[in-house]
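Please walk through the model below one region at a time. The account starts from a single side chain and widens from there.

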Amino acid sequence: MKNKMMYSLYLLLSLTGCVNDDIITNRASSEYFPSKIGNYWEYSVTDSTDTSDGVKKYTLTITITGTKVMADGKQASIWKYQFPKWAHSSSYPDEGVDTVYVRIENDTVKTFTKGYLSIKSLTSFPRQVFPIPFKDGQKWNGKLLVIDKYAANKISDGFQIDYYYLGPNIEYNDKLFFKPNIGFVELDMSHYDLGPIDHQIWKLEKYSLN
């Protein structure tokens, strides 16, 4: 095993992780939205959060490690994000690791965080919602309170998804670049959450998908 060293992640989302020596890199998936156990993505992250720390650069990995039953009795896949402990920001309170739970129901991808494991009522309000396959000019609303909206537009080899969320003392402006059978190849995320603006850019460097 080779040790590699976040989540931003977004993802996320350098790090400490474990990758098999025989892993096949840059192998696309047979799934439009890859979601199988063992899938792996590695991103280079530029974090220019508005603090005195300056710009941070590090590596972030995402690995689908298994499944978990949530509070509503339904399963979701476990997406484990690893990153260096010194890189975590206000958006990612757990040092060195974060976990996102992903469920595909019919034609919709839904993402959840740890709080959804124990509170059933929350599962009706996923953190993010993606109807698949994406379509050019597509628009939809998420499930969160206040303003939570998306727009997808076709680009050369995939889709640009613009996400905007406005809540009490919270504002998110994200641009997510998705390539079918691979996943998110770039994420440009700007988050305000009762603190300095957290701005991160993730760029996919390699992946191995089932």
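Lysine 175 has a relative accessible area of 38% and is therefore partly exposed; buried means under 20% relative accessible area, exposed over 50%, and partly exposed in between, with a 1.4 Å probe and protein chains only. Lysine 175 forms a salt bridge with aspartate 162, with the closest N and O atoms 3.4 Å apart; a salt bridge is a side-chain nitrogen of Lys or Arg within 4 Å of a carboxyl oxygen of Asp or Glu. This pair links distant parts of the chain, lysine 175 in strand β12 and aspartate 162 in strand β11 (residues 158-167), 13 residues apart. Aspartate 162 counts as partly exposed because its relative accessibility is 23%.

The structure is a predicted model, in which local features need pLDDT of at least 70 and side-chain atom pairs count only at pLDDT 80 or more, while totals for chains, interfaces and linings use all residues. Residues are numbered from 1 along each chain as its sequence is written, and side-chain values use heavy atoms, leaving out hydrogens and water.

The count of salt bridges comes to six. Lysine 74 forms one of them with glutamate 105, where the closest N and O atoms are 3.4 Å apart. Here too distant parts of the chain are linked: lysine 74 lies in the loop between β4 (56-69) and β5 (75-82), and glutamate 105 in strand β6, 31 residues apart. Lysine 74 is partly exposed, because its relative accessible area is 43%. Glutamate 105 also meets the side chain of arginine 103 in a salt bridge of 3.6 Å, N to O. Arginine 103, at 5% relative accessibility, therefore counts as buried.

Strand β6 (residues 97-105) also holds threonine 99, which is buried because its relative accessible area is 13%. Not counting residues up to four places away in sequence, threonine 99 touches Ile78, Trp79 and Lys114, a contact being heavy atoms within 4.5 Å.

The chain as a whole has zero helices and 14 strands; these are DSSP runs numbered from the N terminus, helices being H or I of at least four residues and strands E of at least two. Of its 210 residues, 46% count as buried.

Lysine 179 has glycine 183 in β13 as its bridge partner. Three residues separate the strands of this hairpin, and asparagine 181 takes a positive phi near 70 degrees. β13 also pairs with strand β14 (residues 198-208), in the antiparallel sense over six bridges, with leucine 187 opposite tryptophan 202 in β14.

Another hairpin is formed by β9 and β10, with five residues between them, and valine 146 in the turn has a positive phi of about 65 degrees. The two strands pair in the antiparallel sense over four bridges. The covered face of β9 has Gln138 and Trp140, and the uncovered one Lys139 and Asn141.

How confident is the prediction, and where is confidence lowest? The mean pLDDT, the predictor's confidence in each residue from 0 to 100, is 85 for the chain, and 83% of its residues reach 70 or more. Confidence is lowest in strand β1 (residues 2-4), at a mean of 33, and highest in β9, at 98. Over residues 1-22 the pLDDT is below 50. Where pLDDT is low, the predicted coordinates should not be read in detail.

Notes. Pairing = 2+ DSSP bridges.
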